[in-house]
Structure formats: C-alpha cells, structure tokens
Amino acid sequence: MYKTQPNPQLTYTPSPPPSNPQSTIITRTRSHTREAGRMKSDLKFIAVVFVIVGVLDRTSVVNGGQFKGDYSKLSGIIIPGFASTQLRAWSILDCPYSPLDFNPLDLVWLDTTKCLSAMNCWLKCMMLDPYNQTDHPECKSRPDSGLSAITELDPGYITGPLSSVWKEWIKWCIEFGIEANAILAVPYDWRLSPSKLEERDLYFHKLKLTFETALKHRGGPSIVFAHSLGNNVFRYFLEWLKLEIAPKKYIQWLDDHIHAYFAVGSPLLGSVQTVEATLSGSTFGLPVPEGTARLMFNSFGSSLWMTPFSEYCQSENVYSKHFSTGRKKKHNIYHCDDLEYRLNYSGFPTNIINIEIPSVVEAYPSFGDELQANLSNMECGVPTQLSFNAREIADGTFFKAIEDYDPDSKRLLYQLDKLYHGDPVLNPLTPWERPPLKNIFCIYGVDSRTEVGYYFAPSGKPYPDNWIMTDVVYEFEGILFTRSGNLIEGNPGAASGDETVPYNSLSYCKNWLGPKVNITRTPQSEHDGEDVQVHTDVEHQIGADIIPNMTRSSRVKYITYYEDSESLPGQRTAVWEIDKANHRNIVRSPILMRELWLEMWHDIHPDKKSKFVTKAKRGPLRDEDCYWDYGKARCAWAEYCEYRYVFGDVHLGQSCRVKSSSADLLLKYV
C-alpha cells in the first residue's frame with residue numbers, strides 16, 4: 001500500500017515536547033512559526049485538516065489511550081458547477097481585423113480580452129450546433145484539466161479575484177499541508193448535455209476511473225464535493241454506473257469508493273434563472289449584449305439541464321416521441337400525482353413564466369387541455385398573457401406555445417426531447433431520490449432575495465432581442481413581491497433561496513430525512529453555547545418541509561442543522577441551512593470550511609461519542625478567529641486567545657493569537 005512521505009518543511013523537533021502528541025504537532029508548528037517569522041498561523045491546525053483528506057499516518061494518544069490513526073487513505077474529488085471550468089481552444093483561428101488570434105491551448109472561457117476585442121471569433125469557439133452539439137467548423141474548445149481549471153477562470157491581477165471559484169478552497173488545502181494527490185478535480189465541458197458528455201468525452205468512464213484510481217493510490221474511499229450543476233452531473237453518474245456494474249456489486253462499489261457526498265447549492269428541482277437566460281440571455285457579468293448571450297446560451301445542450309420541473313411528476317419508463325405533429329388527447333411525457341393538479345404552481349411559489357403572446361394562429365391540443373383553453377380565449381391580434389408553471393416548462397408546453405413567435409423554441413424543443421426526455425440513462429428533469437451513499441450532507445444558503453418568476457412581453461425588436469422582461473417576482477422572508485414592490489399571492493416557503501436557486505428546490509433534500517429528525521440552530525460565528533437551540537426527535541412528514549420552532553435574532557447569522565442517522569441503518573443524512581450564503585460564493589465560505597473539516601475530524605475519530613459532530617460550542621481555531629476586545633482592553637476569548645506580538649503586526653487584532661493549549665479544544669468535537 002502506498003505510504004505518505006513526510007514533508008520536510010513540516011518536520012520539526014520541539015523541545016520539550018508536550019505530553020499529548022496532538023499538542024506536539026501544534027507546538028511544532030508554533031516553534032517553526034517563531035523561527036520563520038511570519039509563516040501563517042493556519043499551520044497550527046495542520047493535523048486537524050490533514051485528517052480530512054488523509055495526509056497523516058501516525059500514532060496518537062488521546063485521553064490516555066493510544067490508537068493508530070491511518071489517515072493517509074481519503075481523497076477529495078471536486079465536481080464544479082455551471083461555467084466554472086476553463087475552456088481552451090483546440091484549433092487555429094485567424095481573427096480578421098484583430099491582432100488577437102486563437103491558437104491551440106489559448107484560453108477561451110474565460111478570456112475577457114478576446115471576448116471584448118474579437119467577439120465574433122470568441123463566439124465561434126464558444127457556441128455549439130444546437131442540434132448535434134458539434135463545434136463550429138472553424139474553432140473548437142475543450143475543457144482544461146487539473147485543479148488550475150477550476151480555481152480562476154480568467155487569471156490576472158484584476159480579473160483573477162473576480163473570476164475566482166474554487167481558489168479559496170484549494171488555498172485552504174494547501175495552507176493546511178494537504179498533498180496534491182489527495183485533491184482531485186474532475187472538470188467537464190459544461191456546455192454539453194449529460195449524454196453528450198459521455199458520447200464525446202467519455203466523461204463518466206473517466207470519472208469512474210478517477211474514483212478507482214484514488215482508491216488504489218491512497219487505499220481508501222473519496223469525499224465528493226459537488227457545487228450547483230456539479231450535483232446534477234454526479235446524480236447522472238450514479239445512474240450511469242448502474243448500467244456499468246452488476247446490480248449485486250453496485251452498492252458495494254459505492255461503499256468502497258465514496259465515503260461522503262457534500263451536495264453544495266444543489267438545484268434539486270431546477271433554477272428559474274435558466275428560463276430567464278433562455279428568453280433574454282445571461283451575460284455572466286461580461287460586457288456583451290444580452291441578445292448575443294442568449295444566442296450562445298441556447299446553443300448549449302446544458303441550457304435545459306437546470307430547467308425547473310415539478311416534484312410531483314415522474315418520467316415514463318419507456319421513452320417515445322413526445323413532440324409529434326399528430327393530434328393527441330393527452331400529453332404523456334410525465335406521470336403526475338394528484339397533487340400536481342390539486343396544488344398550484346407545481347410546488348414552486350408561483351408561476352414561473354407570465355408572457356404576452358401577440359396573437360394566435362392555431363391551438364396546440366397535443367400539449368394539454370389547459371393550454372388549449374387558454375389559447376381559445378385569446379382575441380385575434382390582441383396580446384394575451386399566459387402563465388406557465390414548472391411542469392409546463394419541463395414538458396415543453398411553454399416552448400410549444402411560443403414556437404410561432406420565437407425561432408429558438410424549435411431548437412429548444414428538439415434538445416428537450418432528444419437530450420433529456422429521450423435520454424436512455426435518466427431523464428434529469430425528474431425528482432431526485434436519496435443516493436444510496438453512506439453519508440450525505442446537503443448544504444445551501446437561505447434567506448436571500450431570490451428570483452422565482454418573470455413577466456415577459458414582445459419588445460418589438462427582431463430576434464434575438466424579441467422579448468423584454470417587464471417584471472420579476474422575488475421570494476424573501478416568507479412573502480412574494482415584484483420588482484416594482486407589489487405583493488402578490490402564491491405559496492412562499494418558510495425561507496427564501498440563495499439568490500440563484502429557489503428555496504423549494506434547494507430544500508428538496510429534506511425529503512431524504514426520516515420521520516425523526518434532530519434540529520440544531522447555532523450562530524455562525526464563534527460562540528460559547530448560550531445561543532444554541534436543540535430539538536431532538538422532531539416529527540417529519542415525508543414530502544413536507546420541516547419548520548423549526550426556534551427563536552432568531554435579526555442581528556445574528558445562523559446555521560440550522562437537520563440530522564438523521566436512524567432511519568436508514570448504516571447511513572447518515574444531514575441538511576445544513578446557512579443564513580445569507582450566496583450561491584456562487586458559498587464554496588469560498590470559511591464558515592462552510594470550518595464545519596466541513598470538523599465533521600470529518602469527528603467522523604474518523606475512534607473515540608467519537610455521537611453520530612454527528614457536536615455543535616455545543618465553537619471556539620477560535622485559527623489566529624484569524626482571535627481579535628482585540630477594545631471594551632475590555634484585551635484579546636477576546638481569553639480562554640483560547642492571547643496577546644502575542646510578532647514583528648510585522650500593524651494593529652492589536654493581528655497580535656491576538658491562539659494559545660498553545662487550544663489543541664485540547666479539538667477533543668470537544670469528538
């Protein structure tokens with residue numbers, strides 16, 4: 001078995017050594033800090049975070065008992081989200097009227113310089129054929145590989161921080177001494193639909209080999225970190241794997257290769273912003289026209305992967321041709337429960353699209369009686385507003401209704417039918433079931449203003465600018481309101497989403513919890529337990545949200561934990577709701593990183609006393625957590641922090657550092 005070699009930079013000889021080897025590691029780091037001058041104090045906790053990805057193979061003594069802790073086995077596999085992987089040119093393209101050409105391996109996504117100065121060439125390298133998903137005849141792009149492909153999309157002094165995605169995450173790993181072969185990135189071409197990812201790039205075969213290589217290399221299972229669309233990719237991989245492995249060996253393969261799955265910001269029921277990008281374009285913050293952005297976005301097969309869909313409808317087992325010119329009495333892409341027709345909005349807070357149709361030529365009876373009734377009431381030549389819920393978007397009813405007024409509808413209907421409803425492995429536009437993994441942590445932000453609906457009308461301009469957004473519906477603090485400030489009726493949830501994905505989509509993973517759930521609410525910042533609220537064995541009705549009966553201060557940001565380790569023998573499920581965590585920035589959150597590695601520290605500890613890490617207290621764990629209390633004229637958290645000046649400190653807060661004895665604090669999380 002492969003053994004991890006010690007890093008000479010992290011090998012120290014303390015004198016005298018503390019009695020506790022955990023304290024020895026911390027003290028060694030502190031000794032080296034004094035010798036080196038300004039080495040960052042995060043290294044004090046190198047032993048703790050080593051545990052997460054396994055870079056230690058040592059003998060430790062805890063509470064007087066000796067145990068062998070071989071932590072050199074775990075790996076971390078990162079699956080990035082939509083538009084979070086660099087794309088590089090794989091051809092030579094001469095750009096006329098511009099000194100900037102595209103050569104092999106030149107950065108395409110994201111090179112803002114070429115995007116601005118040679119937009120037509122840049123679009124050739126970005127866009128795909130909407131029907132067969134092939135590259136432009138003059139230019140092709142392919143995803144980059146390795147960790148550098150997901151850290152900064154546009155490296156540079158100014159553009160780098162603006163395009164940073166996983167850089168902070170990787171930086172934490174490097175500062176804590178995690179070895180390079182313990183963290184694996186699996187970038188993919190986020191423009192492609194799931195079936196095309198496998199057909200063109202053999203992506204899922206490569207992902208399977210990545211897990212197997214990590215197991216062979218390090219000797220243990222992997223921890224999966226997926227963000228946003230990366231969760232959809234991972235879900236498809238698990239379904240694809242069923243066709244590659246014998247049914248009797250499927251669960252065993254998962255147990256051998258995957259220790260835990262962290263689903264971060266997962267759009268489990270889709271995101272309504274996908275519909276906005278389909279009709280008016282999403283610029284991703286780039287200075288490009290919305291019409292151009294719409295052309296590019298709708299050429300991607302993945303543009304429909306995060307389309308909102310109903311939680312009450314399942315796909316047919318046998319796929320057939322759904323969009324035919326023949327007349328049908330019923331549109332049978334989905335089999336829906338009675339709740340779909342008894343409740344409004346397909347489980348979403350409101351109708352997702354409200355759009356004005358200029359006039360109607362004929363009805364479309366093949367797309368259901370509801371649409372035919374709506375269209376029959378329209379007066380010739382008089383704009384009429386139609387509303388569409390999540391089911392009607394996912395099954396194509398909405399795109400069929402605007403087919404005569406929008407050229408993109410035909411292409412989108414083709415993609416929807418061919419790449420999603422006709423997918424032989426999985427129709428991704430169906431509700432999730434809990435993956436059969438041992439440990440699942442569903443993590444997302446809440447209580448931010450989030451878009452849940454739109455009003456569109458004809459703009460009078462030619463395609464692709466033929467639609468204009470006239471209003472937006474937001475969810476926030478249990479109410480629905482428009483951009484103009486008007487309150488509207490609907491079914492708002494107990495909380496709001498993370499600015500990108502609605503709350504009902506993020507929180508759908510609560511259905512993976514069992515009938516008895518333990519709920520804990522704590523402040524995000526360091527706390528001594530006074531503001532911790534715990535409710536055990538809370539009744540949970542499957543299919544219904546869990547609303548904790550707990551107090552909340554408007555000045556405090558909380559984390560609410562929903563934990564279940566009893567419903568499924570040998571499996572644990574946890575849901576973390578982090579107040580005000582933004583969808584795009586959550587992977588850079590130090591709060592998330594702290595909770596993540598404390599949970600992993602707890603999991604691998606042989607003397608752990610509970611199923612999940614305790615939340616009773618969160619003391620300072622790094623020097624950055626200590627600060628100066630001007631009211632008491634001393635460092636705050638005197639139990640854990642002390643004033644210790646180091647040359648180069650420019651203010652009192654910098655000189656507040658964690659005490660040597662703070663290593664003992666880690667034992668409180670067992």
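Let's start at one pair of residues: isoleucine 353 stands opposite phenylalanine 388 in strand E13. Before going further, a word on the ground rules: this is a predicted model, where local features need pLDDT of at least 70 and side-chain atom pairs count only at pLDDT 80 or more, while totals for chains, interfaces and linings use all residues. Residues are numbered from 1 along each chain as its sequence is written, and side-chain values use heavy atoms, leaving out hydrogens and water.

That opening pair sits where E12 meets E13, two strands that run antiparallel and are joined by five bridges. Strands here are DSSP runs of E with at least two residues, helices are runs of H or I with at least four, and both are numbered from the N terminus. Strands count as paired if DSSP finds at least two bridges between them. Zoom out and you find an open sheet of five strands in the order E13-E12-E15-E16-E17, with mixed pairing. Strand E13 (384–388) and strand E17 (479–482) are at the edges with a single partner strand each, so one side of each has no neighbour in the sheet. From one strand to the next, the twist averages 20 degrees.

Buried means under 20% relative accessible area, exposed means over 50%, and partly exposed is in between, using a 1.4 Å probe and protein chains only.

Further across the sheet, E15 (residues 450–458) and E16 (residues 467–476) run antiparallel, with eight bridges joining them. One of the partners to pick out is methionine 469 in E16, which is bridged to phenylalanine 456. Helix H12 (residues 273–280) lies across E12 (353–357), E15 and E16, and runs at about 25 degrees to E15. For that angle, axes are lines fitted to C-alpha atoms, for helices over the stretch in contact, and angles run from 0 to 180 degrees between N-to-C directions. Contact means heavy atoms within 4.5 Å.

Now for another helix. In H4 (residues 119–126), Cys121, Trp122, Leu123, Cys125 and Met126 are buried. Their cover includes strand E4 (87–89), strand E5 (107–109), helix H3 (112–117), strand E6 (141–143) and helix H13 (290–299).

On to the charged residues. Side chains of opposite charge can pair when their charged atoms come close. The structure holds 29 salt bridges, each being a side-chain nitrogen of Lys or Arg within 4 Å of a carboxyl oxygen of Asp or Glu. Take aspartate 189 and arginine 200, whose side chains meet at 2.8 Å, N to O. Aspartate 189 lies in the loop between strand E7 (183–185) and helix H8 (194–201), and arginine 200 is in H8, so the pair ties together parts that are eleven residues apart in sequence. Aspartate 189 is buried at 0% relative accessible area, whereas arginine 200 is partly exposed at 26%. Both belong to a network of salt bridges that links Asp189, Arg191, Arg200 and Asp201.

Arginine 411 and aspartate 408 form another salt bridge, at 2.1 Å, N to O. They are three residues apart in helix H18 (residues 408–421), so about one helical turn separates them. An α-helix has 3.6 residues a turn, so residues three or four places apart point the same way. Here arginine 411 is partly exposed at 22%, and aspartate 408 is buried at 2%.

Then there's lysine 516 with glutamate 539, whose closest N and O atoms are 2.4 Å apart. This pair links distant parts of the chain, 23 residues apart: lysine 516 is in strand E18 (residues 516–523) and glutamate 539 in strand E19 (residues 533–539). Lysine 516 is partly exposed at 39%, while glutamate 539 is exposed at 58%.

Tyrosine 643 is found in strand E24 (residues 641–643) and is partly exposed at 45%.

Finally, the whole protein: there are 20 helices and 25 strands, and buried residues make up 58% of the 670 residues.
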